[in-house]
Amino acid sequence: MTTRSSILGLFPEALKAALADAGVPEKAVPMRTRQLWNWVYVHGARDFAAMTNLAKDFRAGMEERFSLARPELVTEQISTDGTRKWLLRSGGQEFETVFIPEPGRGTLCVSSQVGCTLNCRFCHTGTQKLVRNLTPTEIVGQVMVARDSLSDWPSTGENRRITNVVMMGMGEPLYNFDNVKAALAIVADGDALAFSKRRITLSTAGVVPMIRRAGEEIGSALAISLHAVRDDIRDVIVPLNKKYPLEALLEACRLYPGVSNARRITFEYVMLKGVNDSLGDARELVKRIAGIPAKINLIPFNPWPGAPYECSDWEQIEKFAEIVNRAGYASPVRTPRGRDIMAACGQLKSESLKQRASERHAQLRSAELARMPE
Ligand code: SAH
């Protein structure tokens, strides 16, 4: 058996080189590249045979050498609230992607690594060691699997179900910069997956030296997992803070290329009971971010087995939000989504996946049943 290499996630230059290498005449390479690119990313073609306006010989030649394989779909789980989680496998590793439908929009939460190195105390992924970085093929592949599963092609059509992409799945995207950059270039290309850069958000725990480059070279919206406004607290819950403390992080935010009132930075703040949720913390928060065009996303802590924290009480979250609001910041409280299938923020961990197939099916069935009208 010959192993055919997937052309998903290849830049046009690399694709051109691959075509030339496959014997496509030099003159035809640019046109063939454009045609393939369009079939693959705008129309979501899953095999070359579907590309009916291309010469048969050319399609056959492509089929022999290349594949359009996505990561393998291991399971799809559907929450009672409509959130979907896909467990994917590629290169022997498993990772997760989550789709969160909301009225008028749909957000796809994409992973950048298998596991994570950061060990944030409240995050389930942080209890899993880093296994490896995901490749551009695997990152772009997550968006393509989601579009396949939701029948959400063509990319350039009206009323797409997936309207936003957030790099908020497993892993730290700025520790996998080159691959994330390559993948997001395809996600953002108007002739490819066609998401506007304003609808792509990269979330980081605060890899300060890479933030400026992210703005210059990726140009997406930026989210910061802030979670505390005192170094002594943040050192404990986001240990990366010991390397890049708050002052340096906030300075990088002030200097983020393109930041303005129209392009605000999102600060994510997980509400941990008795840890970071006092009203003093709220006041300190608005003081410290003064001058940064920002919105603040308060995230009720999502529990996982053995987690060392509890979610703040609802009244406390409301009081906290009120202080932030009164200081002039939008501070929506993020409704937990998909908790029943462990798809909510910070609940992803690819071990869930060592479950036996029979259990998975039972879970999927019960999710389906729960969605049936009474
Ligand atoms: N490493 C990046 C990308 C992960 S994004 C980052 O840290 O930003 C995932 C978001 O969910 C982060 O804001 C993370 O801090 C938050 N999160 C992690 N565990 C959580 C939990 N148990 N409950 C709520 N939010 C959590």
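Predicted model: local features only at pLDDT ≥ 70, side-chain atom pairs only at ≥ 80, totals over all residues.
**Exercise 1. Helices α5 and α6**

Describe how helix α5 and helix α6 are arranged, and find which residues make their contact.

*Solution.* 
Step 1. Locate the helices. Helix α5 covers residues 177-188, and helix α6 covers residues 208-218.
Step 2. Look at the axes. They come within 11 Å and cross at roughly 25 degrees.
Step 3. Classify the angle. Angles under 35 degrees count as roughly parallel, so α5 is roughly parallel to α6.
Step 4. The crossing of α5 and α6 is right-handed.
Step 5. List the contact. From α5 come F177, D178, V180, K181 and L184. From α6 come M210, R213, A214, E217 and I218.
Step 6. Sort by class. The contact of α5 with α6 has six nonpolar and four charged residues, and no polar ones.

**Exercise 2. Helices α9 and α10**

Repeat the analysis for helix α9 and helix α10.

*Solution.* 
Step 1. Helix α9 spans residues 279-288, and helix α10 spans residues 314-326.
Step 2. Their axes come within 9 Å, with a crossing of roughly 25 degrees.
Step 3. The cut-off for roughly parallel is an angle under 35 degrees, so α9 runs roughly parallel to α10.
Step 4. The crossing of α9 and α10 is right-handed.
Step 5. On the α9 side, the contact uses L279, D281, A282, R283, L285 and V286. On the α10 side, Q316, K319, F320, I323 and V324 take part.
Step 6. By class, the contact of α9 with α10 has seven nonpolar, one polar and three charged residues.

**Exercise 3. The cavity**

How many cavities of 30 Å³ or more does the structure hold, and which residues line the largest cavity?

*Solution.* 
Step 1. Count. There is one cavity of 30 Å³ or more.
Step 2. Give the volume. The largest cavity holds about 40 Å³ of space.
Step 3. Name the lining. I7, L10, L15, L36, W37, V40 and Y41 line the largest cavity.
Step 4. Find the main contributor. Helix α2 (residues 29-42) gives the largest share of this lining, four residues.
Step 5. Sort by class. The lining has seven nonpolar residues, with no polar and no charged ones.

Conventions: Residues numbered from 1 in each chain as written. Heavy atoms only, no water. Axes fitted to C-alpha atoms, helices over the stretch in contact; angles between N-to-C directions. Helix = DSSP H or I, 4+ residues; strand = E, 2+ residues; numbered from the N terminus. Parallel < 35°, antiparallel > 145°, perpendicular 65-115°, else oblique. Left-handed = near helix turned anticlockwise from the far one by under 90°. Contact = heavy atoms within 4.5 Å. Nonpolar A, V, L, I, M, F, W, Y, C, P; charged D, E, K, R; others polar. 1 Å grid on protein atoms, 1.4 Å probe; cavity = no way out; pocket = protein on both sides within 12 Å on 5 of 7 lines; lining within 4 Å. Points joined across faces, edges and corners; volume = space filled by probe spheres on them.
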